[in-house]
Amino acid sequence: MARHLTAAEIRDAFRIWNVPAIYEPGWETRGNGGSWGDLGFLLMHHTGDDLPDNVSKNMLRDGRPGLSGPLCNFAPRDDGRLHVIAAGPANHAGTGDPRVLAAVRAESYGAAPPAPRFSQGQAGGVGGNSLSMGWESMYAGKNDPTINPLQYRVAVLSQAAISWKLTQVSGDHWTGKSTLGHKEWQRGKPDPAGIVMATQRADIDWCLTHGPAAAWRWYDTGLKST
C-alpha cells in the first residue's frame, strides 16, 4: 500500500531535490478534515484565473465560495517557485474514473490512460481527494493562457521529488506515469491547458533517471545534460 508522506518527508524530498519552496505557515497540519487513503497518483491542475500569484495562493489555501480550502497541496508560481500549501488531503480532484485509477496504480497504460467517463459527482465515479496530491499551477486566464517554462519545470521537479520519496517510503515504484492531468481524471475538465501530459511524464522520468543535481540544472537552465 502506498502510504502518504508526512510533512517532514515532503520537506526532506524538496531539500534533496533543491525545489525552491515557499512554505505557507500552517502547511504541516493543513488539510480538508479527511484522512489519506491509499495514495495512488499525483494530479496536475491550473487555476484558470488572471489573479496575482499571491492572491491565487490565498484562494488555494483558504478556499472559495462553495468549496473550502485547501484546494491543492502545492502551487507552482510564475517565477518558478513552489508554494507548499498543505500536507493533508486537499479539495482538488473530485470524482474520477475507476478505470483511470486502476491504470495509473498499475502503470499499465501507454501514452495516456483510458479517457475518463465520469464527471464531478456522477454515480459510479471514485473520489480522488484522499487518493492524490494536487498541484495547482497559477495560470490559464484571459491574459495568461499558458504555463511559462520555469513554472512548468518547477512543477516537474517537485513531482519528481515527491515520486522519488514515495518510492522510498512505500515500497512501490513511482514514475512519470504516476502523474495525471485533471483532464485525464475527470470528464469535462480542460486542465492543465497547454500541456501534453505524455511530455510531462517523460520529463518527470528524465529527472528520476538522472537524479536531483541534473534535474535542478534542467529546472534552472531548461537544458537536459548529465
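Modeller: Helix axes here are lines fitted to C-alpha atoms over the stretch in contact, and angles run from 0 to 180 degrees between N-to-C directions. This is a predicted model, in which local features need pLDDT of at least 70, side-chain atom pairs count only at pLDDT 80 or more, and totals for chains, interfaces and linings use all residues. Residues are numbered from 1 along each chain as its sequence is written, and side-chain values use heavy atoms, with hydrogens and water left out.

Colleague: At what angle do H1 and H4 pack?

Modeller: Helices are DSSP runs of H or I with at least four residues, strands are runs of E with at least two, and both are numbered from the N terminus. H1 and H4 pack at an angle of about 125°, their axes 9 Å apart. That makes H1 oblique to H4; angles under 35 degrees count as roughly parallel, over 145 as roughly antiparallel, 65 to 115 as roughly perpendicular and the rest as oblique.

Colleague: Which residues meet there?

Modeller: Contact means heavy atoms within 4.5 Å. On the H1 side, Glu9, Ile10, Asp12, Ala13, Phe14 and Ile16 take part, meeting Ser158, Ala161, Ile162, Trp164, Lys165 and Val169 of H4.

Colleague: Which residues of H1 are buried?

Modeller: Buried means under 20% relative accessible area, exposed over 50%, and partly exposed in between, with a 1.4 Å probe and protein chains only. An α-helix has 3.6 residues a turn, so residues three or four places apart point the same way. In H1 the buried residues are Ala7, Glu9, Ile10, Ala13 and Phe14. They cover an arc of only 165° around the axis, which puts them on the same side of H1; the arc is that of the directions from the helix axis to the C-beta atoms. Exposed Ala8 and Arg15 sit on the face turned away from that buried side.

Colleague: How many residues does the largest nonpolar core have?

Modeller: A nonpolar core is a set of buried Ala, Val, Leu, Ile, Met, Phe, Trp, Tyr and Cys residues joined through side-chain atoms within 4.5 Å. The largest has 40 residues, and Ile10, Phe14, Phe74, Met133 and Ile162 have the most contacts inside it. H4 gives the most to this core, with nine residues.
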